[in-house]
Amino acid sequence: MMKTKLFILMICFFSIVSCTKGQNVDYKQDIRKSLTAFIENIKSKRIENAVNFIYPKYLNQVTKEHVIDMLNMAYNNPAFMVDISDFKIDDIEKPEKINDEFFSIANYSFKMKFQVQWSLIPNAEVAKQKINLALKAKYGKDNIQYFDKEDYYLINAKMKACAISQNEKDWKFLILDEKYKEELVNILPEKIFQKF
């Protein structure tokens with residue numbers, strides 16, 4: 001009888017341990033799946049679908065229409081040719097519960113070919129200098145190559161996103177970028193904001 005109880009207790013213990021391990025793997029898979037879908041939608045210029053992966057509190061603050069306009073300006077603009085490749089998620093932090101939500105930081109990277117149709121840009125020479133400086137400031141000088149003959153940039157982008165969920169299953173995102181810092185200070189908990 002004692003051996004039977006001990007055996008049942010051991011089975012329960014191993015079940016709990018394996019369920020816990022399964023949950024740890026699931027959040028990574030769920031974040032990976034959602035972040036990949038977000039990037040794939042941007043890559044395919046399905047901007048409205050991409051916006052569905054953005055954290056609603058951010059959309060409430062800046063409006064969904066504004067975010068769609070910004071993304072269209074960057075990725076669906078006849079003056080710019082943007083081609084994203086080699087997307088990969090480098091690491092995903094274990095989610096942390098703050099108030100009623102879970103927060104996880106994901107580091108990811110991709111290559112981006114960026115070409116400008118200078119004939120569509122007013123003051124092309126001035127714009128070229130500004131774009132060159134902006135790209136170096138955003139991605140770092142060592143992560144940008146300029147191909148003069150074909151007139152395009154190849155960028156090794158290293159990015160950071162905050163994944164947010166109420167149930168550790170359905171994840172929404174905020175891109176943690178210096179240019180959004182002012183908007184995100186009122187949206188993210190202080191502890192997460194400090195991870196910028």
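1. Helix α4 gives the largest share of the lining of the largest pocket, 6 residues. Helices (H or I, at least four residues) and strands (E, at least two) are DSSP runs, numbered from the N terminus. The model is a predicted one: local features need pLDDT of at least 70, side-chain atom pairs count only at pLDDT 80 or more, and totals for chains, interfaces and linings use all residues. Residue numbers start from 1 along each chain as its sequence is written, and side-chain values use heavy atoms, with hydrogens and water left out.

2. The volume of the largest pocket is about 840 Å³. A pocket is an open set of points on a 1 Å grid over the protein atoms alone, with protein on both sides within 12 Å along at least five of seven lines; lining residues have an atom within 4 Å of a point. The lining of the largest pocket has 31 residues, of which A74, Y75, K138, K179 and Y180 are the closest to the centre. Elements that give two or more residues to this lining are α1 (2–43), α4 (64–75), β1 (80–92), β3 (101–116), α5 (124–139) and β6 (172–175).

3. What classes of residue make up the lining of the largest pocket? There are 28 nonpolar, no polar and 3 charged residues. Here Ala, Val, Leu, Ile, Met, Phe, Trp, Tyr, Cys and Pro count as nonpolar, Asp, Glu, Lys and Arg as charged, and the others, Gly among them, as polar.

4. K138 also forms a salt bridge with D177, with the closest N and O atoms 2.1 Å apart. K138 is in helix α5 and D177 in the loop between β6 and α6 (181–184), so this pair ties together parts that are 39 residues apart in sequence. A salt bridge is a side-chain nitrogen of Lys or Arg within 4 Å of a carboxyl oxygen of Asp or Glu. D177 is buried at 10% relative accessible area, whereas K138 is partly exposed at 36%. Buried means under 20% relative accessible area, exposed over 50%, and partly exposed in between (1.4 Å probe, protein chains only).

5. The count of salt bridges is 9. One of them joins E96 and K191, whose closest N and O atoms are 2.5 Å apart. E96 is in strand β2 (residues 96–98) and K191 in helix α7 (residues 190–193), 95 residues apart. E96 also meets K195 in a salt bridge, at 3.8 Å from N to O. K195 lies in the segment after α7, so the pair with E96 ties together parts that are 99 residues apart in sequence. K191 is exposed at 52%, and K195 is partly exposed at 27%. A network of salt bridges links E93, E96, K191 and K195.

6. There are 6 aromatic pairs. Rings of Phe, Tyr and Trp (its six-membered ring) pair if their centres lie within 6.5 Å; planes under 30 degrees apart count as stacked, over 60 as edge-to-face and the rest as tilted. The centres of F147 and Y152 are 4.9 Å apart and their planes are at 20°, so this pair is stacked. F147 is partly exposed at 27% relative accessibility, while Y152 is buried at 15%. Ring pairs also link F80, F114, Y146 and Y153 into a cluster.

7. Which residue lies over the face of Y152? K113 does, at 4.5 Å from the ring centre. The rule is that NZ of Lys or CZ of Arg is within 6 Å of the ring centre and within 35 degrees of the ring normal.

How values were computed:
1 Å grid on protein atoms, 1.4 Å probe; cavity = no way out; pocket = protein on both sides within 12 Å on 5 of 7 lines; lining within 4 Å. Points joined across faces, edges and corners; volume = space filled by probe spheres on them.
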